[in-house]
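Reader: I would like to learn how to read a model like this one, feature by feature. Could you take me through it slowly, giving the general idea and then the case at hand?

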Amino acid sequence: MIHEAIRDLIPAYALGATDEEEQAEVEKHLKQCAECRILLADYRLLADELLYTAPPLSAPLHLTTDLRRRLAQLSSHRVGKRVVARAGALVALVVSVVLLFVTNLYWWNRTTAIEERVAVQATAIVALAEAPTVTLQGDALAPEAHGVLYYRPEATVAILHVYRMPLVEQGKVYQVWLIRDGQRDSGGLFTVDEAGEGTVLITAPRPLREYKALGITVEPVGGSPGPTSPRVIGGDL
Amino acid sequence: MADPGPDDAVLLQRVANGDEDALLLLHTRYVNLVYSMAMHVLRDTFLAEEVTQDVFLKLWQKSEHYDPRRGRFATWLLSVTRFAAIDRLRYEGRHFVPSSEPPNREEASIEDWRQQIDWDQGQQLRMLLWNLPPDQRELIELAYFGGMTHRDLAEHLHLPLGTVKSRLRLGLQKLRALWFEETSEDQKHYDP
């Protein structure tokens, strides 16, 4: 596109009104045209000033009280509010997981050994609905991410619910690592939804009391034998 | 004269360190400005309140996103509010409705507002918007406060794309000329 045509687009570009292809043309041209860069700077000043043209209103007084309340909730327990709201859903989820687990395994193989193992795991999972919780906090890669782990030290299963996790690229999943004496055992794989939320049933090779911490990394689908990327979220057990 | 309190940069540093009182001071200072922008875009009290609170909570969680080298804090905060309100407008499946009434000069006398940074200049510009032909002003408002591109505007107003482009360009060129004239006059007035 020629200089004159791009120059005509500068006012709309400063306002954010250019369509995608126009935007690309303008940005390409700006790299080599000082005149258009100066013109853009002028129109950006105008666009900034437009921010102050909204008719003046007084905000409702309760907004200050509401903000105080929300800050108090955030600081007392960063995930408290959402966890409480979801507690009922989580219990239902636990029960559903147990039922699904038991039903599937029952029809898959009726051997006594498996039935005994299912019974032990089912008992452990149901107990998790009332289990103590551990809060997990996102690392530098995902400072907003957090999670709640429901577990009993004597059990080998636990439930983890995570929030605000970054979305992983195609071909990748999250992998849970249970850490003991410098060793890392895989606790399971999971993905998160568009809001960055996900729930995973963790199965550990040893009772959870033997682990000192838990971490989550991004790994290829199918999992890795050991972590291959930085920790996204974690916490001490 | 009342103590203006700590400046924005100091308060933002305190917010980054987790100081809730600092955030509440910023809230007191800018809540009217943020709420007015949200209301202007959304024209709905409930939605505007939600967007206002979300903007301040975002500031609490991500105050480091503001880069002082890129301009004043108030401008950045209003820009964040504008985008948040436009996002909400789209989420609700609504369109921005341009102002139908010219500015009321009495609004400018609201005492709380006279303290606001850039308030006077912004309201002068608002008056100038109303000096433009209505079809040009409507396009500028729809583009800026409604988040519409050339193509969106053509579709929304059932106008040919070329007409939208030239009308928006002419409106902005005229507004810029009026604005520079106005600010030059102010400059003359203040220069010794």
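Predicted model: local features only at pLDDT ≥ 70, side-chain atom pairs only at ≥ 80, totals over all residues.

Reader: Is H158(B) buried or exposed, and how does one decide?

Author: One compares the relative accessibility with a cut-off, and exposed means over 50%. H158(B) counts as exposed because its relative accessibility is 71%. For comparison, take R43(B), in the loop between α2 and α3 of chain B, where phi is again positive, near 50°, in a residue other than glycine. R43(B) has a relative accessibility of 37%, and therefore counts as partly exposed.

Reader: What does S99(B) touch, leaving aside residues up to four places away in sequence?

Author: S99(B) touches H40(B), R43(B), W130(B), R137(B) and E141(B), with those sequence neighbours not counted. Its place is in the loop between α4 (73–91) and α5 (111–114) of chain B, and the side chains of S99(B) and E141(B) are joined by a polar contact of 3.2 Å. Buried means under 20%, so S99(B), at 18% relative accessibility, counts as buried.

Reader: How should I read a helix such as α4(B), and which of its residues are buried?

Author: One may look at its span, then at what lies over its buried residues. α4(B) has 19 residues and reaches 27 Å from its first C-alpha to its last, close to the 27 Å expected at 1.5 Å a residue. Its buried residues are F73(B), A74(B), T75(B), L77(B), L78(B), T81(B), R82(B), A84(B), A85(B), I86(B), R88(B) and L89(B). The cover over these residues comes from both chains, including α1 (3–15) and α3 (34–50) of chain A, as well as α1 (8–16), α2 (20–42), α3 (45–62) and α7 (134–146) of chain B. After α4(B) comes G93(B), with a positive phi near 70°.

Reader: Where is W179(B), and what does it touch beyond residues up to four places away in sequence?

Author: W179(B) is placed in helix α9 of chain B, and it touches L46(A), E49(A), Q121(B), Q124(B), L125(B) and L128(B), with residues up to four places away not counted. Although W179(B) and L125(B) are 54 residues apart along the chain, their C-alpha atoms are separated by 6.7 Å. W179(B) counts as buried because its relative accessibility is 6%.

Reader: Finally, in what order do the strands of the chain A sheet run?

Author: In chain A, 8 strands form an open sheet with antiparallel pairing, in the order β5-β4-β7-β8-β1-β2-β3-β6. Its edge strands are β5 (183–190) and β6 (198–203), each pairing on one side only. Within chain A, the antiparallel strands β2 (residues 146–151) and β3 (residues 157–163) are joined by 6 bridges, and H146(A) stands opposite Y163(A) in β3(A).

Technical notes:
Residues numbered from 1 in each chain as written. Chains lettered and ligands numbered in written order. Heavy atoms only, no water. Pairing = 2+ DSSP bridges. Helix = DSSP H or I, 4+ residues; strand = E, 2+ residues; numbered from the N terminus. Buried < 20%, exposed > 50% of the residue type's maximum accessible area, 1.4 Å probe, protein only. Polar contact = N/O pair within 3.5 Å; in protein donor to acceptor, adjacent residues only side chain to side chain. Contact = heavy atoms within 4.5 Å. Expected span 1.5 Å × (residues − 1).
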